[in-house]
Amino acid sequence: MKNHKLLSLLVVVVIFAPFRVIAANVKVIANRSVKVDTIYANEVKSVFLEESTSLRDGTHVEPVFEKDGPVHEAFLHEYLAAGTDDDLQSYYRALVFSGRGSMPKQLGSDAEVVAYVARTKGAIGYVSAETAVGDVKTLTIVSEGNGAQRRLITRVEPDYPNTLKRLNIGGTVRLQLTIGPRGNVEAIEVLGGNPILGESAAAAVKQWVYTASRSRTITQLSIPFDSQH
Amino acid sequence: MHKRILSLVFALWCFQAGQFALMAQEFKLLDRTVQVHGFLSQGFVYTNDNNWLTMNTSQGSAAFTDFGVNMSSQVTDKFRIGAQGYDRNLGQLGQYHPSLDWAVADYRLKSWFGVRGGKVKTTLGLYNDTQGEDFLRTFALLPQSVYPTDLRDATISHLGADMYGEISFRHRLGVLAYTAYAGHRNDSIYSGYPYYLSSFGADIKSYGGLQYGGDLRWSTPLKGLLIGASRMNEDITGKGSAINPFDPGAGLVPYSESSKADWTNQFYGEYVVGRFRIDSEYRRYWRNQELFSGTSESFADIRGWYVSGAYRICKRLQIGSYYSHYTISNIVGGALSAFYPPATDTTIPANHDYDKVITGRVDLNKFWNVKVEGHFMNGYGSGPYPNGFYTQVNASGFAPNTNALVLKTSLNF
C-alpha cells in the first residue's frame, strides 16, 4: 500500500515536473525600422509563431530565433508557451508541410542575433537581458493585463543610476501598473529585477499617461536597463 | 509503365533535392530566399489476423512508404508561394504514382484576413492537413476512426481558395482563428474508395467534386487549451464502369454515383501542458448517394472519435496512447436493396472498429525518428465505406479481432 502511494506520487511528480527551471532573463530587440517602442506579450507570441507578420502599427516584422541554449528556452517558455525547441520545430514543420509558412531563421548566439537584427529591416529577435545591443532597439514588453489595450500617450524614460551603469549592473525590471480612468498611473508594484533599478523605473513610469478608459485597469510591463548602451 | 518511370524520376529528384537541402535548406532565386524541405517514411506492419490497410500484413508487410518534397518562398512581406510533390505506396494504394500535394499562392493582407489559392490543404480538425507527415506527432498512425489513412485523398486538399485570419480578443479572451474554403476535390484512382469499389467489379475513371466548408478554432485564455469545430460539405460524382449487379454475365455497364447530401462535422480539443498533450476529436460523416444513375440510393452514417495522450519523457523519447472508436451504419434503397440488407447494428464487428493503441517514439536526432506502435482492434467496419479492412485482401473473410504491430521510421529536413 505504501509502495503504491509512493509510486503514485512519483508518477504525479514526473508528469507535472517542468523541463527545467528557467533562469535566463530575456529582452526583445528590433531593427531601427520598427517604429514602436513597446510590444504586447500577445504580439510577441503572434509574431514569433508567424500568426501575424506585422505589429499593431502596421510595421512588417520578421522573427529570428536562437538555436539552442537557456535564452532560447526561456523565451519559448515565457512568451510562446512552447515546452521545448522540439515543440517549436514541430509547430513550424506543420506550417511548412501544409503550405502555410516557412521555417524561421535561427542563429547560434546573442551576438549573431544582434548583428542580424541590426542589418535586417523589420527583423525582431531576442537575446539575454545582459547582452549589449548597440544600435538595435530594445522593446518594452507589456503583459496582457486588462489594461493591455490602453495606448501610452506620454512616456518618460527612467534614469539609469551612473554607479550601476559603471559597474555594468543592468537587467530587466518588471512592473505592475494600476492605470486610472483618466490615464494616470495610480499605483506601481515592482515585480522583479534589481530593486534600485526598480525604484528608478517606478519613478519614471509614475509620470506616464495612457488613454482614458471607463474603468481602472491593471497591466504589467518589462523595462530593460542596458549597461552597454 | 511510363508512370513507374515517372515515379522513379520523382523519387530520384526527391533524393537529389534532399541531399541538396540537407546541405543547405535554402537558396537564393531572383534575390528571393527559397526554402526546400522534405520527408521520407518507411513502415512495416504485422497483424496476427486480417490483412489491414490493403497490405498483406498477416505475413508482415513493408509496403508502407511515403515521401514528399516542397519548395516555398516569401516573395514580398505579404505574399508567399510554394508547392509540394507527394508520393506513396500503401499496399494496393498509391502505387508510387506521384501527385501534386499542394501548390499555393498566399496573400496575407492583415493578421485577421488573408487569402490563398491553388491546390490548398483542407482545414478539417486538428490534423487533416498534416496527416501524411507522421514525424510531426508521437503516433505512427493517427486514430483511424477520424483520419483513415487509406482515405487520405477524400479530405486532404481542394483546388480552389481559402479565406483565413486570426482575431485577438480584448480582455485576455484568447485568439479565434477562422478558415473558409471552397474548391474541387479530386481523388486519385489509386486511393481507398476506388479500390473499395473495385471489390464490386467497378472500374472508377474519375472521382471528385465540389468541396466547401469552414473551421473555427479558439485558443482559449487557459494556456495550452485549444478548442474548435469544422464543417465540410461536398457534392461528389464518381464515374466508371461496373459489372451489372442484376445480370453479372452481361458484362460491364456504365457506373455512376453522385451526392444527394454529403457533409462532415468535426469537433475537437487539444490541451498541452509541459510535456503532456491530450487530444480529442469527434467526426460525423453523413453520406447520401444516388447509385447507378439514380436507380438506387445509399445512406451511410459514419461516426468516429478518439482520445489520445502523449508524454515526452526526455528529449529523445516519447510515449503515447489512444482509444479510437469507429461505427458505420448503412441503408440501401431502390433496386440494389435486394442485395444489401440494412446494416444498422453498430455493435457487430462488421459495423465498428474499436482500436486501443500504445506507442513509443525515439528521436535518433533532430531529423530521424523511429516508432513502435501496438494496435488492439475489435471489429473491422468493412463497409459500405472503407476503414482499413478490404475484402480483396481478406478473401477468406474477417476475424473479429486484429492485433497489429507497426514499426515506422521517418526522415525529414
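Predicted model: local features only at pLDDT ≥ 70, side-chain atom pairs only at ≥ 80, totals over all residues.

Reader: Which residue in the hairpin of β9(B) and β10(B) takes a positive phi?

Author: Gly224(B) does, with a phi near 95 degrees.

Reader: How many bridges join β9(B) to β10(B), and in which sense do the strands run?

Author: Count 16 bridges, with the strands antiparallel. For one pair, find Gly214(B): its bridge partner in β10(B) is Arg231(B).

Reader: What about β8(B) and β9(B)?

Author: β8(B) covers residues 175-186, and β9(B) covers residues 203-219. They run antiparallel too, joined by 12 bridges. Thr179(B) has Asp215(B) as its bridge partner in β9(B).

Reader: How do side chains sit along a strand?

Author: In a regular strand they alternate between the two faces of the sheet. Keep that in mind as you step along.

Reader: How many residues lie between β5(B) and β6(B)?

Author: This hairpin has 2 residues between its strands. β5(B) spans residues 99-110 and β6(B) spans residues 113-121. They pair in the antiparallel sense over 7 bridges. Ala103(B) finds its partner, Lys119(B), in β6(B).

Reader: Which strand, with residues 157-168, pairs with β6(B)?

Author: That is β7(B), antiparallel to β6(B) over 8 bridges. One bridge partner to look up is Tyr164(B) in β7(B), which goes with Gly114(B).

Reader: Now the two chains. How many residues are in contact?

Author: Count each side separately. Chain B has 31 residues in contact with 26 residues of chain A. On the chain B side, β2 (32-47), β3 (64-74), β4 (79-90), β5 and β7 each supply at least two residues. By class, that side has 5 nonpolar, 14 polar and 12 charged residues.

Reader: How is chain A divided into domains?

Author: Domain 1 of chain A is 21-140, and domain 2 is 143-229. Their C-alpha centres lie 22 Å apart. The contact between them takes 12 residues from domain 1 and 14 residues from domain 2.

Reader: Which elements give two or more residues to the side of domain 1 of chain A that touches domain 2?

Author: They are β2 (38-40), α2 (41-48) and β6 (137-142) of chain A. The domain 1 side divides into 5 nonpolar, 5 polar and 2 charged residues.

Terms used:
Residues numbered from 1 in each chain as written. Chains lettered and ligands numbered in written order. Pairing = 2+ DSSP bridges. Helix = DSSP H or I, 4+ residues; strand = E, 2+ residues; numbered from the N terminus. Contact = placed C-beta atoms within 7 Å. Nonpolar A, V, L, I, M, F, W, Y, C, P; charged D, E, K, R; others polar. Domains from an automatic or database assignment.
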